[in-house]
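Hi everyone, thanks for making time today.

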Amino acid sequence: MESILKIENVSKQYRLGLVGTGTLSHDLNRWWSRIRGKEDPYLKIGSTNDRNTIDSEYVWALKGINLDIKKGEVVGIIGRNGAGKSTLLKLLSQVTNPTSGEIKIKGRIASLLEVGTGFHPELTGRENVYLNGAILGMSKIEIASKFDKILDFSGIGRYIDTPVKRYSSGMMVRLGFAVAAHLDPEILVVDEVLAVGDADFQKKCIAKMKEVASEGRTVLFVSHNMTSIRNLCKRGIVLESGLVTYVGNSNDAISYYLNQSKKNDNIIVSQIDSNLSVHNTGEAKFKSAFITNFENDNPVNELFYQEKFKIISKIEIYKDLENISISISLLNEFGETISYAYYANSRDLLELEKGQYIISFDMPIDLMPGNFALGLSIYHFYSGSTIDYIDYFYPFKVNKETNDKKKEYPWATVRGYVEMNNSWHVKKI
Amino acid sequence: MVKNQNEKWTLIISPNNKFKLNNFSKLLFKYKDLLFLFVKRDFVSQYKQTILGPLWFFIQPLLTTITFTVIFGNLAKIPTDGVPKILFYMSGITFWNYFADCVNKTCTTFVLNQGLFSKVYFPRIIVPFSVVMNNLLKFGIQFLLLLLFWLYFYFSTKEINPNYTISFLPLLVLIMALLGLGLGMIISSLTTKYRDLTFLVSFGVQLMMYASPIVYPISLVSYEYKWLIFLNPMTSVIETFKYGFLGHGEHEFIWLLYSIVISIIVFFVGLVIFNKVEKSFIDTV
């Protein structure tokens, strides 16, 4: 297979803190060492992109990345916040240059995260289509030939000759997306994390991606959503603190990624690190969560088949809140939600004063043997807006044998995730 | 090791792409549609939702000319070498405005377009080029106004004696464009790191105006200091114009040549610095 994108030993260094004081002196220092034919003194230092340790002002957002993407591949890129995904995308879209290394590309590269960039509010939709298309690298003739298709795809209709400042934000996004979607690049980059718009629009994004992939073009897909990675991508790449830690088929990459937190030890981590929040408004914060059986309240990470268990979580509320609901989800090893429960379905809504709370949830179902994890969220019930959301936490395992070791899950492959209540009726008719 | 013959890359991104004039002109050609669309965008959007619309192109220099005529001509009584005051000031202002707009508007390239630049790649140089071209359009319109006044005075008085130097006009415009663009690119590249410059620019351009023969004729400057005024590359541009169109002013080939050389140097220094900064400015801006 022919390579279409080659990343060779690419690194990117950033300077932390305010740019301003000291820049001139650093610049002079750099210049002085260049004159003497020496290496840039600031490239030697710099720690890996771990957001918690502070040993240098300079940080490597990416360090020594090597990737070889073949033509027609659909590749998923996964990693935690701060793993270097956005930096990689920035380098690929040429917004900024690498500090060292080389990226080689064949053909046009376009990304769906730049939807509607460069729209000028005073210009009409039509004028903006031309402008935006030209910014993305299309020629005037190319846009003109695709204009009808773009207009049709956007569904803007007769608003096309109205200044875009009169558009709703949805219309603006649709028009921008329509332009980007007709760029016909050889390599398409989609960043789902940054993709704006409603669910409908995101669906459209995914559909377009599938279409592009089926035409045999290359797609790079960045997402937090393991389900879409698994459905769309054949190959997966895991980024961790600026390094590529795993390259393989997407299923393996996902399980590698999800078990990163577990791999270093057998110690059970029940404390929730603040960087695990996918979304946080600062009104409340999950402090810890773990599962336990009913013997005592000690955290366990292995359960027997059909063993009853409960989830215990500590939460800190920073400001008085009302009409609050809390939800708990059970996730499978691919990060997909297999079951979900929320507070308000059983009782009235919560009214929480400032302070710390312990939440306990008795699991009413039995899990099939396999690997699972927890998802937690606290949110305003009526508006649905999330206060704190932990996506994939506390991986645990359900074993094949039961507590008394007398019974065992009878089949080699596990069927499903949740055990159903058995109630059979067999009658001759 | 067998070298793979298939490996023909269309794009190679590496830390330090050296500036090559050849590549640069190719890029400019490839993105010419974008260049014209930017010019159109800026031109069209400038006077949207104004009652007078493009008429403002005429009103601005007209008002400045009147102000200068009243203050410098009538109150301060600075002579104009026998040239009708209105014509004297208007020609200075029209030329100076073009240069000043080129500098003032290109020097904010990076800071103003940060949002766009941080998302999409296209040759950043398109933006300052489009600004200069947009200003050229504006200059053209204002020059028509100047021409109107010139024709009026040409037929009604005997003070105006145009000569062959009139044909230098395109060259003069080119010098100003290169100079304005070059300075603008240098300043905009430096402001990405050192914001202090933004404060200096508008002040500096204003100061430079007083170092050019706009509000006074060059003949007012005593002989031993004249070279100082001519060191300003804009001086001979304005003087050559006045000499050609009005028949007054001091036009010397050697100083015109000096202006040409300076503007070319400034332009290329600007290109090189701009090219260097555009690769990584998003990290420092």
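This is a predicted model: local features need pLDDT of at least 70, side-chain atom pairs count only at pLDDT 80 or more; totals for chains, interfaces and linings use all residues.

**Helices, strands and contacts**

Residues are numbered from 1 along each chain as its sequence is written, and chains are lettered from A and ligands numbered from 1 in the order in which they are written.

Back to our helix pair. The axes of helix 3 (residues 56–75) and helix 7 (residues 126–156) of chain B come within 9 Å and cross at roughly 60°. Axes here are lines fitted to C-alpha atoms, for helices over the stretch in contact, and angles run from 0 to 180 degrees between N-to-C directions. Helices (H or I, at least four residues) and strands (E, at least two) are DSSP runs, numbered from the N terminus.

Which residues of helix 3 of chain B meet helix 7 of chain B? They are Phe57(B), Phe58(B) and Pro61(B), and across from them in helix 7 sit Lys138(B), Ile141(B), Gln142(B) and Leu145(B). Contact means that the C-beta atoms of two residues, placed from the backbone, lie within 7 Å. By class, this contact of helix 3 with helix 7 of chain B has five nonpolar, one polar and one charged residues. Ala, Val, Leu, Ile, Met, Phe, Trp, Tyr, Cys and Pro count as nonpolar, Asp, Glu, Lys and Arg as charged, and the others, Gly among them, as polar.

Now a second pair in chain B. Helix 4 (residues 85–106) and helix 8 (residues 169–191) have axes that come within 7 Å and cross at roughly 25°, so helix 4 and helix 8 of chain B are roughly parallel to each other. Their contact includes Phe95(B) and Tyr98(B) from helix 4 and Met176(B) and Gly180(B) from helix 8. The residues of this contact between helix 4 and helix 8 of chain B divide into 11 nonpolar, four polar and no charged.

On to where the chains meet. In total, 33 residues of chain A are in contact with 27 residues of chain B. Strand 5 of chain A gives the largest share of chain A's side, five residues. Strand 5 of chain A also runs antiparallel to strand 1 (residues 11–13) of chain B, joined by three bridges; Ile103(A), for instance, has Ile13(B) as its bridge partner. Two strands pair if DSSP finds at least two bridges between them.

Finally, chain A itself. Chain A is divided into domain 1 (109–257) and domain 2 (274–402), with bounds from an automatic or database domain assignment. Their C-alpha centres lie 34 Å apart, and six residues of domain 1 are in contact with five residues of domain 2.

Chain A also has an open, antiparallel sheet of three strands in the order 12-14-18. Strand 12 (284–293) and strand 18 (355–362) of chain A stand at the edges, each with a single partner strand, so one side of each is left without a neighbour in the sheet. Strand 12 pairs with strand 14 (residues 309–317) of chain A over nine bridges, and Asn293(A) has Phe309(A) as its bridge partner.

How values were computed: Angles under 35 degrees count as roughly parallel, over 145 as roughly antiparallel, 65 to 115 as roughly perpendicular and the rest as oblique.
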